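Subject: Structure handover

Hello,

Here is the structure I said I would pass on. My notes on what was found in it follow below.

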Amino acid sequence: MENKLSKSKEVILTRVRESQVLARLPEIMPESTDGLKSHHQPESDLLNSLQKEFDLLGVETYVEKNQKAVCKRLRNLLQDKSVLSWNLDNLPYDAGTVLQSRNVYFERDDKIIQASADIGLTGCDAAIAETGSLVLLSGEGKPRTASLLPFEHIALIRQSDIYFTMSDFFDKKGKEVSQASCIDIITGPSRTADIELSLTLGVHGPGKVIVVIGP
Amino acid sequence: MSHFSDRVDKALADDNLSEALKKATSQLVSRRSTAFSSLEDAENLRDIARNTKMKILHNLEDNLLKFEKSLQKNGSHVHWAKDAEEANNVVIEIAQKQAVKKIVKSKSMLSEEIHLNTALIKAGMQVVETDLGEYIVQLAGDKPSHIIAPIIHMTREDVGNLMHDRLSVPFSDEPEVLTRIARRKLRQEFLDADMGITGANFGVVETGSICLVTNEGNARMVTTLPKIHVVLIGIEKLVATFEDLNRFLKLLARSATGQKLSVYTSIIQGPGKGTETGPEEVHVVLVDNGRSGMLGGDLAESLACIRCGACLNVCPIYKNIGGHAYGDTYAGPIGSIITPGLRGLAQWHELPAASTLCGACKEVCPIRIDIPKMLLKLRQVTPPKVKASISLRMAIKCFAVIAGIPKVYKGFTAFGSRLLRFLGSKSWLTNNIPLLDRWTKVRDFKTPAKKSFQRMWQEKIAKDGK
């Protein structure tokens, strides 16, 4: 198999080499990247812009003043439902305390058990104001399944993790981004319009996304 | 396979289809234009995206080698496949090595192109499509008919009947109910599968990242739950850096569905690390299957296509005949280049002819691909048709003689228009005009006006002269 493979590679690359010389491609046009860099927004606008996008996407948003208020909000949202969560020390605001004495599943649990949870609870590495996106970098203790399997996803966002554009985030956290084995950018609830273009939520991923933004 | 004109006839005779196409394409067109209005500096962004792709293609060999290195650095296995058969065999070998029985797939045009499902099923494996539209297509034993809306040709009743039939569930024509049924059925498949297969929207050369975009989340399921993830990627699908990727993502979602960003953008950079959830193995198969040949000539520019489907929605031909009539994986204006490009012109020479060359496709293409120019190029090399019939050739010769003598021409047209008016029962003639019957079989032919333009003109001069 190895031999056959390296032969295919050689064949393809030879063909490509011969072709790229003959390729009748259009000229490279003059371009300007000036206008494309982010239009830096004042800090106070970040939260507003983000909230506006969340509204458009149908993401339920709560902004809380302090840690205590975040936890109280979370307790109300969770009620007595079962939870698939990031490891407690990966959650901001000591939110793990809210989970005590509940049905909580983690990364180590079997995926069928994980899939049975009502709510997925995660933090978030960045929130992008321009598009209303949550950026989740995968890693140990931050199971990708938590934002994927349950029908409801609750994400806790620190205000300091809000960026205006994706580029702003990539510029600042390039190293973390390059080391993650999976970067998930989530923009609203799972949706489809395959049947007569009529919008339906919660096809495979969560049909409901809730964010709690703390200080 | 059936003849192109037969497929077109069939499509045109299908009232459901034309209704569905009209509704869907016009909605997608208006969503796209609204979405672009929210993008600052969109035109400049399109220029940059175009340049980025051209630079990649100019230097594809180097880029492929760099991409391979980056992938390996991330811990992914890299395979090369020069044609469909090799690509299918690579996937089968990976699957057999791990005794894979059930495979879940996220939508991939490339896998359609190489008929991967057929090959896997033949090798004894079970394959399940998980994009809602593709799942329905698979249940129906049908083929997708639009790049981003695979069942644009089906009504909700069609889907309801199909699910009732194949999945033994009560009939419903509510998209909400039908979607819930699919969620339940497919959730089990995701959990049971040993292997996930996806295509790739983009491959990032610098970082060895595979970018996948969906709205449903099925690509995330496919790349998270099974222990093996296989990526099929065409050798042309590369961008250089993360910054490039970011720009293409902005264009892709707006062009395809009118969103600022699709719901799920997953950037995969190797297998899960340590105790992390995610596949234990990631295999990337770089597939040529005719692309390197297209690179060396007039069709090279079409390799910049990002498969957004925008050119389908604006095309007056696609809007009328839909995707199936094109006869292969890629429909619409861009398909009329890619299909002959990949599979050879001999069998597909009718596709480039099926265009009005109105240029709407080029206008909406986020990469500004000059589709009409390439369609014309393909027409130039289209094999000469069988000689026209003797009667037609004679008629044209007669016409040449008559048209050369103004007086005779005038006499003939006056006679001709009188005759046609006489033949036409009302103001329309159909079916019976000798020599024109192939045209009039499917179209009405307006009878000439009572007064010709020339006559009106002369009368006006005479009147004004007084």
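Please keep in mind that this is a predicted model. As background, nonpolar side chains tend to be buried together in soluble globular proteins.

Strand β4 of chain A (residues 119-122) can be followed residue by residue. Three bridges join β4(A) to β2 (residues 83-85) of chain A, and the two run parallel. Within that pairing, A:V83 has A:I119 as its bridge partner, and A:L84 stands opposite A:G120. With β7(A), β4(A) pairs in the parallel sense over four bridges; here the bridge partner of A:I119 is A:E152. Are the faces of β4(A) covered or uncovered? Both are covered: A:I119 and A:L121 on one side, and A:G120 and A:T122 on the other, are all buried.

A:T145 sits in the loop between β6 (133-137) and β7 (152-158) of chain A. Is A:T145 buried or exposed? Its relative accessibility is 2%, so A:T145 counts as buried. Leaving aside neighbours within four places in sequence, A:T145 is in contact with A:L84, A:Q114 and A:P150 in chain A, and with B:T224, B:L225 and B:T277 in chain B. A:Q114 is 31 residues away along the chain, yet the C-alpha atoms of A:T145 and A:Q114 are separated by 7.6 Å.

Now a pair of helices in chain B. Helix α21 (residues 390-403) and helix α22 (residues 406-423) pack with their axes 7 Å apart, at an angle of about 120 degrees. The two are therefore oblique to each other. On the α21(B) side the contact is made by B:F399, B:I402 and B:A403, and on the α22(B) side by B:V408, B:Y409 and B:F412. By class, this contact has six nonpolar residues, no polar and no charged ones.

Two arginines in chain B have backbone angles to check. Most residues other than glycine have a negative phi. B:R307 has a positive phi of about 60 degrees although it is not a glycine. B:R307 is found in the loop between α13 (291-295) and α14 (310-314) of chain B, and counts as buried because its relative accessibility is 11%. For B:R368, phi is near 55 degrees, also a positive value. B:R368 lies in the loop between α19 (360-364) and α20 (371-380) of chain B. With a relative accessible area of 21%, B:R368 is partly exposed.

Regards

Technical notes
Residues are numbered from 1 along each chain as its sequence is written. Chains are lettered from A and ligands numbered from 1 in the order in which they are written. This is a predicted model: local features need pLDDT of at least 70, side-chain atom pairs count only at pLDDT 80 or more; totals for chains, interfaces and linings use all residues. Side-chain values use heavy atoms; hydrogens and water are left out. Axes are lines fitted to C-alpha atoms, for helices over the stretch in contact, and angles run from 0 to 180 degrees between N-to-C directions. Angles under 35 degrees count as roughly parallel, over 145 as roughly antiparallel, 65 to 115 as roughly perpendicular and the rest as oblique. Contact means heavy atoms within 4.5 Å. Ala, Val, Leu, Ile, Met, Phe, Trp, Tyr, Cys and Pro count as nonpolar, Asp, Glu, Lys and Arg as charged, and the others, Gly among them, as polar. Two strands pair if DSSP finds at least two bridges between them. Buried means under 20% relative accessible area, exposed over 50%, partly exposed in between (1.4 Å probe, protein chains only).
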